[in-house]
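The questions below concern how two chains meet and how one is placed relative to the other.

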There are 2 protein chains.
Amino acid sequence: MPDFWGPNRVDINVRASNTLSMDTLTEYTTRVARQARQASRQLALTSEIQRNQWLHAAANGLRAATATLITENARDLEAAPGYGLNAAAIDRLRLTEARIRDLASALEEVATLPDPLAGEIDRKVRPNGLVVSRVRVPLGVVFFIYESRPNVTADAAALCVKSGNAVILRGGKEALHSNLAIHRVLSDTLEACGLPRHAVQLVETTDRAAVGEFLKLRTLIDVTIPRGGKDLIERVTREATMPVIKHFDGICHVYVDAAANLEKAASILINSKCQRPGVCNAAETLLVHASVVDKFLPLVGPELVQRGVEVRGDARIREYWPNAKLATEQDYRTEYLDLILSARVVDSLAEAIDHIDTYSSHHTETIVTEDTTAARQFTAAVDSSAVMVNASTRFNDGGELGLGAEIGISTDKFHARGPCGLVELTSYKYVVIGTGQIRG
Amino acid sequence: MPDFWGPNRVDINVRASNTLSMDTLTEYTTRVARQARQASRQLALTSEIQRNQWLHAAANGLRAATATLITENARDLEAAPGYGLNAAAIDRLRLTEARIRDLASALEEVATLPDPLAGEIDRKVRPNGLVVSRVRVPLGVVFFIYESRPNVTADAAALCVKSGNAVILRGGKEALHSNLAIHRVLSDTLEACGLPRHAVQLVETTDRAAVGEFLKLRTLIDVTIPRGGKDLIERVTREATMPVIKHFDGICHVYVDAAANLEKAASILINSKCQRPGVCNAAETLLVHASVVDKFLPLVGPELVQRGVEVRGDARIREYWPNAKLATEQDYRTEYLDLILSARVVDSLAEAIDHIDTYSSHHTETIVTEDTTAARQFTAAVDSSAVMVNASTRFNDGGELGLGAEIGISTDKFHARGPCGLVELTSYKYVVIGTGQIRG
């Protein structure tokens, strides 16, 4: 089907070639960004009802396009070994009927979330009678860079459009055909719902230089959100001329306090480390108070062994676990993303806090304790996006913390911190209603 | 008094020399930033009472140091003509007894503002029993760059410390001796109140390269706030590796709608343009609906003339004001910061919104109208930090909008928009209280 992409696909030749001259690439990225800016202006004036209608239409469209999506996905699957993808990565890339149903349901769930643009944030009446409100507004244009799972294409588009933002999606080359097919449904349903087609655009060239070109366009793009490995985030941070919502690494700690319930501590440690070791909110380091180390380590040891966790501990840990490797300074700075746990004995809560202050990536830390004072000190002193008491680090997640869905987890302190949902994709403006007031 | 700066002034030799080698400068800026980071950790754990005690102590200290401040200020005043400062700039630089009293009172006013770190932003209980709160936390370390008025030194320090942030102050070279004397009082009173001395540091070299060195330190400095001319802001934006709260230009519009009360419109236009023409929230452009132009221009013309306002209008404006120069495209893009007004006739509200969308710097715009629908359309469609109805653009100011005091006005949409007061100097973290929950 030579005309599958339709007459609007003027950029099909861009997609077809990865050896564009920089001029052509600059023209392409500028055009995409200008279209996004134009669409964002229109989107900002749409109603919640219109935006939700689109989410339902897109969900239906994706279900209806199941056969096409699977066909296009097959092209990516076929090419995947050539990109060096392993079996697990190929599995994540795969679209099945069930996964397409999930993908569609996720859009419908976003439709049920409260409109972040509704109502006022606050309102006050000034002594001179001016009524000063703050209302939420979309950030504008989001440039979203992500890796190979094609479901992210639909998720990110849903969150951006629901919050009134236009989005430029730059997915991984491994999922290009799947993403193009999903994007086709999203665009067509946008138009059918009276929303601007360019509210969701997919970058159709896999040329890495395209990312650099978009990162220059700070007058057209309001924020860049990279989601992927550390190299990607570092490159984007270095090159971006606009704000970036960064999602750096998670070196997360479980601290077992002197007053810990050790059963809870064992269960929280195992869950934080093992439930999904490859993600950012998995724990990397165990800190144990010296007064409970003799009871806690024997209690939790067998399950760590059974789950295949490799421990790298300090000398005092190795008194109880002689098979543990000796942890180096570098171990405490490492996000393993694997079944490896660094461990250290501390003599006080203060020492635990100091260790975290030195080595944490300020993502998520948890204290296990029945002592309210210790819990208060820990939550006050530890400066991470989420500080937990008696709960697994794995709960630092948009869904789990009640944001509904997230586009990423910010490890910055600026604008948004922790999970970024719909509200975090907005800014605000002051609306000031007077009766002719002037300043004296 | 050779030991005036006291034994802690190890960097006095830095201040004394503007020809430091880059190595020495890097060492100096890194040390200052490390000290700030350390102080910020301590500050984050202080109570509101302590921080307010300091504000009062600093106010008393400044009053007590009046004679010294005036002596040191005299050194700056003496050097001022050599820096090319004109009479108005020299006047802004001058400290008098009355101005020192005002400076002290401003600190006491900051003490009366609500603690931005108090309480919780929100709290929810998740279905699994986790109690999820968000609490405000300081941003950390603020690098604040400003120009010659010495009162800004005390104001900025007050806002940063009250919000739990450490600040590195980089004032203009023209105010160096005044700033050093003010800073001495601030540091001494910090120590006396049990707060870290390095919570407020003043950059004691006037070497411009120092700014560049600080802008590299993104792991130590959380945010840079430049306040000054466009060149400064552009340089900082270009070089900064950390987030920047930008305060770009204000190309602000007054739109006189078809349904305007023309007396109100005249008074709002005169106030917006003339009350203080050199500031960012002064109006630069008048848009008048064609249906009222024949009544409005004759009404407001004499006062504009009397106040010495030069008008640059389009052809339709010049039918009524033949003495007006013809406005060029460039006029509509210019922040005059002077008694100059560009003016244009529009045929509809939509045309006014389009003009603003094209030419505004998205700082402040106002509509004068008695038509609620027009007011709603204008406030919905215009994407500026403050959108006013029947009020002077001059009200876009922290004090006037009820923030108490401001460290700047953000023209960005990211993190904070419009006036930035205490709350805008904070971030937040999630505090999650569980009873042993793990993720399934």
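Q: How many residues of chain B and of chain A does the contact take?
A: This is a predicted model, in which local features need pLDDT of at least 70 and side-chain atom pairs count only at pLDDT 80 or more, while totals for chains, interfaces and linings use all residues. Residues are numbered from 1 along each chain as its sequence is written, and chains are lettered from A and ligands numbered from 1 in the order in which they are written. With two residues in contact if their C-beta atoms, placed from the backbone, lie within 7 Å, the contact takes 53 residues from chain B and 52 residues from chain A.

Q: Which element gives the most to the side of chain B that touches chain A?
A: Elements are DSSP runs numbered from the N terminus, helices being H or I of at least four residues and strands E of at least two. Those giving two or more residues to this side include α11 (262-274) and β16 (426-437) of chain B. The most, 11 residues, comes from β16(B).

Q: In β16(B), which residue is the bridge partner of A386(A)?
A: Strand β13 (residues 386-391) of chain A pairs with β16(B) in the parallel sense over 5 bridges, where pairing requires that DSSP finds at least two bridges between the strands. Within β16(B), the partner of A386(A) is Y430(B).
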